[in-house]
Amino acid sequence: MDLLEYQAKELFREMGIPVLPSQRIDHPKDLKGLKIPYPVVLKSQVRAGGRGRAGGIKFVANTIDAVAAAQNIFHLPINTEYPEVLLAEAKYDTDREFYLAVVLDRAARRPLLLGSSQGGTSTELAMEQMQQVVVDEGFSPFYARRLTLKMGCTGPLIEAVSDIIEKMYLLFVEKDLDLVEINPLGISPGGEVMALDGKVTVNDEALGRHSSLLQLFPKIQPDDGLVAESGSAGMAVPPELKFVELDGNIGLLCNGAGLTMATLDLVYAAGGKPANFVNIGGECRWDLTPELLCDRIKLGLALVSQKKNVKVVLVNLLGGLCSCTQAVEAIAHYQKQSQRETATGNPQTQIKVIVRLYGSEIDQAREILQAVDITVVENLDEAIALSVSLATKG
(Lines give C-alpha, C1' and ligand atoms only; values in the text may rest on other atoms or scores of the structure.)
Protein backbone atom coordinates (compact mmCIF):
# COMPACT_ATOMS: atom_id res chain seq x y z
CA MET A 1 0.00 0.00 0.00
CA ASP A 2 1.14 3.54 -0.76
CA LEU A 3 1.68 5.86 2.17
CA LEU A 4 0.54 9.45 1.96
CA GLU A 5 3.19 12.11 1.43
CA TYR A 6 3.27 13.35 5.00
CA GLN A 7 3.67 9.78 6.27
CA ALA A 8 6.49 9.10 3.82
CA LYS A 9 8.24 12.24 5.00
CA GLU A 10 7.97 11.09 8.61
CA LEU A 11 10.09 8.09 7.58
CA PHE A 12 12.46 10.36 5.64
CA ARG A 13 12.93 12.53 8.72
CA GLU A 14 13.74 9.47 10.85
CA MET A 15 16.44 8.44 8.36
CA GLY A 16 18.00 11.89 8.22
CA ILE A 17 16.76 12.67 4.71
CA PRO A 18 16.24 16.47 4.65
CA VAL A 19 12.60 17.56 4.48
CA LEU A 20 11.02 20.98 4.89
CA PRO A 21 9.30 22.19 8.08
CA SER A 22 5.72 21.02 7.80
CA GLN A 23 2.49 20.64 9.74
CA ARG A 24 -0.44 18.28 9.35
CA ILE A 25 -3.77 20.05 8.79
CA ASP A 26 -6.93 18.11 9.68
CA HIS A 27 -9.31 21.09 9.32
CA PRO A 28 -9.02 24.57 7.76
CA LYS A 29 -9.28 26.16 11.21
CA ASP A 30 -5.99 24.44 12.16
CA LEU A 31 -4.22 26.99 9.96
CA LYS A 32 -4.95 29.69 12.54
CA GLY A 33 -2.37 27.98 14.72
CA LEU A 34 0.15 27.41 11.96
CA LYS A 35 3.70 27.35 13.30
CA ILE A 36 5.41 27.66 9.91
CA PRO A 37 6.12 31.21 8.68
CA TYR A 38 4.46 32.31 5.45
CA PRO A 39 4.61 31.86 2.51
CA VAL A 40 3.66 28.17 2.66
CA VAL A 41 2.35 25.54 0.29
CA LEU A 42 -0.80 23.51 1.04
CA LYS A 43 -0.85 19.98 -0.41
CA SER A 44 -3.77 17.60 -0.76
CA GLN A 45 -2.86 14.28 0.86
CA VAL A 46 -4.17 11.71 -1.62
CA ARG A 47 -2.44 8.78 -3.27
CA ALA A 48 -3.23 9.88 -6.83
CA GLY A 49 -0.66 11.68 -8.94
CA GLY A 50 -1.16 14.97 -10.75
CA ARG A 51 -2.19 16.90 -7.64
CA GLY A 52 -0.76 20.17 -8.90
CA ARG A 53 -2.54 20.05 -12.26
CA ALA A 54 -5.79 19.14 -10.50
CA GLY A 55 -5.60 22.12 -8.15
CA GLY A 56 -4.60 20.16 -5.06
CA ILE A 57 -1.46 22.21 -4.37
CA LYS A 58 -1.73 25.91 -3.49
CA PHE A 59 0.82 28.55 -2.44
CA VAL A 60 -0.50 31.04 0.12
CA ALA A 61 0.95 34.14 1.73
CA ASN A 62 -1.27 34.69 4.78
CA THR A 63 -3.80 33.02 7.09
CA ILE A 64 -6.90 34.32 5.32
CA ASP A 65 -5.74 32.98 1.96
CA ALA A 66 -4.60 29.72 3.57
CA VAL A 67 -7.99 29.01 5.18
CA ALA A 68 -9.82 29.72 1.92
CA ALA A 69 -7.42 27.55 -0.07
CA ALA A 70 -7.67 24.71 2.45
CA GLN A 71 -11.47 24.74 2.25
CA ASN A 72 -11.26 24.39 -1.53
CA ILE A 73 -8.68 21.59 -1.40
CA PHE A 74 -10.62 19.59 1.20
CA HIS A 75 -13.64 19.63 -1.13
CA LEU A 76 -11.62 18.84 -4.26
CA PRO A 77 -11.63 15.17 -5.39
CA ILE A 78 -8.52 14.00 -7.25
CA ASN A 79 -9.25 10.83 -9.20
CA THR A 80 -12.40 10.48 -7.04
CA GLU A 81 -10.38 10.61 -3.78
CA TYR A 82 -11.09 13.38 -1.26
CA PRO A 83 -8.27 14.28 1.14
CA GLU A 84 -8.82 13.76 4.84
CA VAL A 85 -5.57 15.55 5.66
CA LEU A 86 -3.58 18.42 4.15
CA LEU A 87 0.12 19.11 4.52
CA ALA A 88 1.26 22.68 5.13
CA GLU A 89 4.91 23.04 4.17
CA ALA A 90 7.48 25.82 3.93
CA LYS A 91 8.17 27.23 0.46
CA TYR A 92 11.49 26.22 -1.12
CA ASP A 93 13.24 27.78 -4.11
CA THR A 94 15.03 25.31 -6.38
CA ASP A 95 17.66 25.71 -9.04
CA ARG A 96 17.35 22.08 -10.28
CA GLU A 97 15.09 19.10 -9.59
CA PHE A 98 16.08 15.41 -9.66
CA TYR A 99 14.18 12.12 -9.54
CA LEU A 100 15.42 9.34 -7.24
CA ALA A 101 13.99 5.93 -6.39
CA VAL A 102 14.89 2.57 -4.90
CA VAL A 103 12.71 -0.28 -6.16
CA LEU A 104 12.76 -4.06 -6.28
CA ASP A 105 13.65 -5.39 -9.72
CA ARG A 106 11.62 -8.60 -9.66
CA ALA A 107 13.26 -9.90 -12.83
CA ALA A 108 16.81 -9.58 -11.47
CA ARG A 109 15.65 -10.23 -7.89
CA ARG A 110 17.81 -7.34 -6.80
CA PRO A 111 17.24 -3.80 -5.54
CA LEU A 112 17.43 -1.22 -8.33
CA LEU A 113 18.56 2.39 -7.92
CA LEU A 114 16.92 4.84 -10.31
CA GLY A 115 17.85 8.46 -10.92
CA SER A 116 17.08 11.19 -13.41
CA SER A 117 18.47 14.70 -13.78
CA GLN A 118 14.93 15.77 -14.74
CA GLY A 119 12.48 15.52 -11.85
CA GLY A 120 9.17 17.09 -10.93
CA THR A 121 5.96 16.88 -12.96
CA SER A 122 7.53 16.19 -16.37
CA THR A 123 7.30 12.39 -16.49
CA GLU A 124 8.42 12.23 -20.12
CA LEU A 125 11.64 14.19 -19.52
CA ALA A 126 12.38 12.18 -16.37
CA MET A 127 12.07 8.90 -18.28
CA GLU A 128 14.27 10.09 -21.13
CA GLN A 129 17.08 10.90 -18.69
CA MET A 130 16.54 7.89 -16.38
CA GLN A 131 19.66 6.06 -15.19
CA GLN A 132 19.76 2.80 -13.24
CA VAL A 133 22.18 0.82 -11.12
CA VAL A 134 21.48 -2.75 -10.00
CA VAL A 135 22.66 -3.59 -6.49
CA ASP A 136 23.95 -7.07 -7.31
CA GLU A 137 25.98 -7.62 -4.12
CA GLY A 138 26.06 -6.19 -0.65
CA PHE A 139 25.27 -2.47 -0.76
CA SER A 140 28.10 0.03 -0.44
CA PRO A 141 28.41 3.79 -1.10
CA PHE A 142 29.94 2.83 -4.46
CA TYR A 143 26.49 2.09 -5.90
CA ALA A 144 25.07 5.46 -4.86
CA ARG A 145 28.09 7.34 -6.19
CA ARG A 146 27.89 5.42 -9.47
CA LEU A 147 24.27 6.49 -9.97
CA THR A 148 25.03 10.15 -9.26
CA LEU A 149 27.84 10.11 -11.82
CA LYS A 150 25.56 8.51 -14.42
CA MET A 151 23.04 11.29 -13.68
CA GLY A 152 25.69 13.90 -14.51
CA CYS A 153 26.31 15.24 -11.01
CA THR A 154 29.59 17.04 -10.45
CA GLY A 155 31.51 18.60 -7.57
CA PRO A 156 29.92 18.72 -4.09
CA LEU A 157 26.59 17.61 -5.56
CA ILE A 158 27.99 14.08 -6.00
CA GLU A 159 28.42 13.63 -2.27
CA ALA A 160 25.14 15.36 -1.36
CA VAL A 161 22.97 13.28 -3.72
CA SER A 162 24.88 10.07 -2.94
CA ASP A 163 24.14 10.58 0.75
CA ILE A 164 20.42 10.84 0.00
CA ILE A 165 20.50 7.64 -2.10
CA GLU A 166 22.31 5.76 0.68
CA LYS A 167 19.66 6.77 3.22
CA MET A 168 16.86 5.86 0.82
CA TYR A 169 18.39 2.40 0.38
CA LEU A 170 18.79 1.95 4.13
CA LEU A 171 15.10 2.84 4.61
CA PHE A 172 14.14 0.46 1.79
CA VAL A 173 15.95 -2.46 3.44
CA GLU A 174 15.17 -1.74 7.09
CA LYS A 175 11.40 -1.43 6.49
CA ASP A 176 11.11 -4.17 3.83
CA LEU A 177 9.59 -1.68 1.36
CA ASP A 178 8.66 -2.14 -2.29
CA LEU A 179 9.42 1.46 -3.30
CA VAL A 180 11.10 4.57 -1.92
CA GLU A 181 10.77 7.54 -4.25
CA ILE A 182 11.73 11.21 -4.03
CA ASN A 183 10.31 13.36 -6.82
CA PRO A 184 11.49 15.96 -6.89
CA LEU A 185 14.71 16.18 -4.96
CA GLY A 186 15.15 19.96 -4.97
CA ILE A 187 18.59 21.46 -5.44
CA SER A 188 18.87 25.03 -4.14
CA PRO A 189 21.04 27.67 -5.86
CA GLY A 190 23.55 27.08 -3.06
CA GLY A 191 23.72 23.34 -3.72
CA GLU A 192 21.59 22.17 -0.77
CA VAL A 193 19.33 19.15 -1.34
CA MET A 194 15.74 18.77 -0.12
CA ALA A 195 13.14 16.01 -0.52
CA LEU A 196 10.21 18.10 -1.74
CA ASP A 197 7.86 15.18 -2.38
CA GLY A 198 8.05 11.52 -1.52
CA LYS A 199 6.34 8.22 -2.04
CA VAL A 200 6.72 5.00 -0.06
CA THR A 201 5.08 1.71 -0.99
CA VAL A 202 4.81 -0.74 1.89
CA ASN A 203 5.01 -4.49 1.41
CA ASP A 204 1.93 -5.76 3.22
CA GLU A 205 3.47 -9.19 3.75
CA ALA A 206 6.24 -7.63 5.88
CA LEU A 207 4.02 -5.59 8.19
CA GLY A 208 4.24 -8.19 10.95
CA ARG A 209 7.91 -7.25 11.36
CA HIS A 210 7.29 -3.48 11.44
CA SER A 211 4.80 -2.33 14.05
CA SER A 212 5.70 1.31 13.40
CA LEU A 213 4.43 0.98 9.84
CA LEU A 214 1.35 -0.91 10.95
CA GLN A 215 0.37 2.03 13.11
CA LEU A 216 0.14 4.21 10.00
CA PHE A 217 -2.51 2.08 8.35
CA PRO A 218 -5.57 3.18 10.36
CA LYS A 219 -4.90 6.68 9.02
CA ILE A 220 -5.15 5.43 5.42
CA GLN A 221 -8.37 4.48 3.71
CA PRO A 222 -7.93 1.51 1.35
CA ASP A 223 -9.77 1.86 -1.91
CA ASP A 224 -12.89 -0.19 -2.55
CA GLY A 225 -11.95 -2.22 -5.61
CA LEU A 226 -12.13 -0.36 -8.90
CA VAL A 227 -12.77 3.33 -8.44
CA ALA A 228 -13.65 4.95 -11.75
CA GLU A 229 -11.63 7.85 -13.08
CA SER A 230 -11.57 9.36 -16.52
CA GLY A 231 -8.88 7.88 -18.74
CA SER A 232 -7.87 9.45 -22.02
CA ALA A 233 -10.58 7.44 -23.71
CA GLY A 234 -13.12 7.78 -20.91
CA MET A 235 -12.41 4.29 -19.51
CA ALA A 236 -12.85 3.35 -15.86
CA VAL A 237 -9.39 3.10 -14.34
CA PRO A 238 -8.56 1.77 -10.85
CA PRO A 239 -6.37 4.09 -8.74
CA GLU A 240 -3.49 1.58 -8.66
CA LEU A 241 -3.38 1.35 -12.45
CA LYS A 242 -0.89 4.05 -13.46
CA PHE A 243 -1.25 5.14 -17.08
CA VAL A 244 1.03 7.68 -18.79
CA GLU A 245 0.87 8.78 -22.42
CA LEU A 246 4.00 9.54 -24.45
CA ASP A 247 4.55 10.22 -28.18
CA GLY A 248 5.99 6.99 -29.65
CA ASN A 249 4.46 3.87 -31.19
CA ILE A 250 5.06 1.08 -28.62
CA GLY A 251 2.60 0.46 -25.81
CA LEU A 252 3.93 -1.09 -22.58
CA LEU A 253 2.07 -3.05 -19.91
CA CYS A 254 3.90 -4.25 -16.79
CA ASN A 255 3.16 -5.12 -13.17
CA GLY A 256 5.11 -3.18 -10.58
CA ALA A 257 6.71 0.27 -10.58
CA GLY A 258 10.28 -1.01 -10.78
CA LEU A 259 9.57 -3.40 -13.63
CA THR A 260 7.64 -0.72 -15.52
CA MET A 261 10.40 1.87 -15.26
CA ALA A 262 13.15 -0.63 -16.08
CA THR A 263 11.24 -1.84 -19.16
CA LEU A 264 10.63 1.72 -20.31
CA ASP A 265 14.31 2.55 -19.89
CA LEU A 266 15.38 -0.53 -21.85
CA VAL A 267 13.00 0.27 -24.72
CA TYR A 268 14.52 3.75 -25.02
CA ALA A 269 18.02 2.25 -24.86
CA ALA A 270 17.13 -0.13 -27.73
CA GLY A 271 16.08 2.80 -29.91
CA GLY A 272 12.35 2.37 -29.39
CA LYS A 273 9.79 5.08 -28.72
CA PRO A 274 7.05 4.21 -26.21
CA ALA A 275 3.59 5.56 -27.03
CA ASN A 276 2.45 5.05 -23.45
CA PHE A 277 2.88 2.74 -20.50
CA VAL A 278 0.62 1.31 -17.84
CA ASN A 279 1.59 -0.21 -14.51
CA ILE A 280 -1.24 -2.51 -13.42
CA GLY A 281 0.23 -2.60 -9.91
CA GLY A 282 2.30 -5.00 -7.89
CA GLU A 283 0.98 -8.08 -6.14
CA CYS A 284 1.53 -7.07 -2.51
CA ARG A 285 -1.99 -5.74 -1.73
CA TRP A 286 -4.12 -7.75 0.68
CA ASP A 287 -7.25 -7.34 -1.48
CA LEU A 288 -5.70 -8.22 -4.86
CA THR A 289 -7.10 -11.52 -6.13
CA PRO A 290 -6.08 -13.34 -9.34
CA GLU A 291 -9.45 -12.39 -10.82
CA LEU A 292 -8.91 -8.69 -10.09
CA LEU A 293 -5.38 -8.86 -11.49
CA CYS A 294 -6.69 -10.38 -14.73
CA ASP A 295 -9.30 -7.62 -14.97
CA ARG A 296 -6.50 -5.08 -14.71
CA ILE A 297 -4.58 -6.82 -17.50
CA LYS A 298 -7.60 -6.57 -19.81
CA LEU A 299 -8.16 -2.92 -18.96
CA GLY A 300 -4.46 -2.10 -19.26
CA LEU A 301 -4.30 -3.65 -22.74
CA ALA A 302 -7.29 -1.61 -23.83
CA LEU A 303 -5.63 1.57 -22.53
CA VAL A 304 -2.21 1.11 -24.16
CA SER A 305 -3.68 0.11 -27.54
CA GLN A 306 -6.25 2.88 -27.89
CA LYS A 307 -3.98 5.41 -29.63
CA LYS A 308 -3.96 5.27 -33.43
CA ASN A 309 -0.15 5.43 -33.67
CA VAL A 310 0.45 2.32 -31.51
CA LYS A 311 1.93 -0.44 -33.68
CA VAL A 312 3.20 -2.86 -31.03
CA VAL A 313 2.17 -3.66 -27.45
CA LEU A 314 4.87 -5.20 -25.24
CA VAL A 315 3.54 -7.03 -22.18
CA ASN A 316 6.15 -7.73 -19.48
CA LEU A 317 4.68 -9.59 -16.50
CA LEU A 318 6.25 -11.36 -13.55
CA GLY A 319 3.98 -14.06 -12.12
CA GLY A 320 3.47 -14.86 -8.47
CA LEU A 321 -0.06 -14.24 -7.28
CA CYS A 322 -1.56 -15.93 -10.31
CA SER A 323 -0.04 -18.46 -12.69
CA CYS A 324 1.09 -17.59 -16.20
CA THR A 325 -1.95 -19.42 -17.60
CA GLN A 326 -4.33 -17.17 -15.65
CA ALA A 327 -2.54 -14.06 -16.86
CA VAL A 328 -2.47 -15.13 -20.52
CA GLU A 329 -6.16 -16.02 -20.47
CA ALA A 330 -6.77 -12.31 -19.94
CA ILE A 331 -4.37 -11.44 -22.78
CA ALA A 332 -5.97 -14.03 -25.08
CA HIS A 333 -9.41 -12.57 -24.30
CA TYR A 334 -8.17 -9.15 -25.39
CA GLN A 335 -6.60 -10.60 -28.56
CA LYS A 336 -9.75 -12.45 -29.57
CA GLN A 337 -11.81 -9.30 -29.11
CA SER A 338 -9.28 -7.34 -31.20
CA GLN A 339 -9.38 -9.95 -33.94
CA ARG A 340 -13.16 -9.73 -34.07
CA GLU A 341 -12.98 -5.94 -34.36
CA THR A 342 -10.28 -6.21 -37.04
CA ALA A 343 -12.55 -8.46 -39.05
CA THR A 344 -15.14 -5.66 -39.04
CA GLY A 345 -12.60 -3.25 -40.56
CA ASN A 346 -11.44 -1.31 -37.50
CA PRO A 347 -7.78 -0.39 -38.24
CA GLN A 348 -7.00 0.63 -34.66
CA THR A 349 -7.09 -3.00 -33.54
CA GLN A 350 -4.39 -4.24 -35.96
CA ILE A 351 -1.64 -4.20 -33.34
CA LYS A 352 1.09 -6.79 -32.82
CA VAL A 353 1.31 -8.08 -29.23
CA ILE A 354 4.61 -9.36 -27.81
CA VAL A 355 4.50 -11.05 -24.40
CA ARG A 356 7.33 -11.73 -22.01
CA LEU A 357 6.31 -13.84 -19.00
CA TYR A 358 8.07 -15.16 -15.93
CA GLY A 359 6.33 -17.56 -13.56
CA SER A 360 4.70 -20.96 -13.23
CA GLU A 361 2.96 -22.89 -16.02
CA ILE A 362 4.90 -21.04 -18.73
CA ASP A 363 4.65 -23.86 -21.28
CA GLN A 364 0.85 -24.03 -21.06
CA ALA A 365 0.68 -20.25 -21.25
CA ARG A 366 2.77 -20.22 -24.43
CA GLU A 367 0.38 -22.67 -26.09
CA ILE A 368 -2.64 -20.51 -25.21
CA LEU A 369 -1.09 -17.39 -26.73
CA GLN A 370 0.25 -19.11 -29.84
CA ALA A 371 -3.31 -20.23 -30.60
CA VAL A 372 -4.34 -16.56 -30.87
CA ASP A 373 -1.26 -15.41 -32.84
CA ILE A 374 0.63 -13.78 -29.97
CA THR A 375 4.41 -14.13 -29.76
CA VAL A 376 5.86 -15.21 -26.40
CA VAL A 377 9.52 -14.41 -25.68
CA GLU A 378 11.17 -15.47 -22.41
CA ASN A 379 14.23 -13.18 -22.64
CA LEU A 380 13.40 -9.53 -21.94
CA ASP A 381 16.14 -8.12 -24.18
CA GLU A 382 14.90 -10.26 -27.08
CA ALA A 383 11.29 -9.21 -26.46
CA ILE A 384 12.29 -5.54 -26.52
CA ALA A 385 14.43 -5.96 -29.65
CA LEU A 386 11.55 -7.69 -31.44
CA SER A 387 9.07 -5.01 -30.36
CA VAL A 388 11.32 -2.18 -31.52
CA SER A 389 11.97 -3.95 -34.85
CA LEU A 390 8.26 -4.50 -35.53
CA ALA A 391 7.41 -0.92 -34.57
CA THR A 392 10.12 0.43 -36.85
CA LYS A 393 8.99 -1.67 -39.80
CA GLY A 394 5.37 -0.79 -39.12
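Let's start at a cap. Asn379 caps the N-terminal end of helix H12, with a side-chain oxygen 2.9 Å from the backbone nitrogen of Asp381. That is a polar contact (a pair of N or O atoms within 3.5 Å; within protein, one able to donate a hydrogen and the other to accept it, and residues adjacent in sequence count only if both atoms are side-chain atoms).

A word on the source. This is a predicted model, where local features need pLDDT of at least 70, side-chain atom pairs count only at pLDDT 80 or more, and totals for chains, interfaces and linings use all residues. Residues are numbered from 1 along each chain as its sequence is written, and side-chain values use heavy atoms, leaving out hydrogens and water.

Now H12 itself, residues 380–393. Helices here are DSSP runs of H or I, at least four residues, and strands are runs of E, at least two, numbered from the N terminus.

Which residues of H12 are buried? Leu380, Ala383, Ile384, Ser387, Val388 and Ala391. Buried means under 20% relative accessible area, exposed over 50%, partly exposed in between (1.4 Å probe, protein chains only).

What do the buried residues of H12 pack against? E12, H8, E14 and strand E15. Contact means heavy atoms within 4.5 Å.

On to the sheet. Six strands form an open sheet, ordered E11-E13-E12-E14-E15-E16, with mixed pairing. Strands E11 and E16 are the edges, each pairing on one side only. Pairing takes at least two DSSP bridges between two strands. E12 and E14 run parallel, joined by five bridges. Cys254 has Asn316 in E14 as its bridge partner.

Note on methods: Expected span 1.5 Å × (residues − 1).
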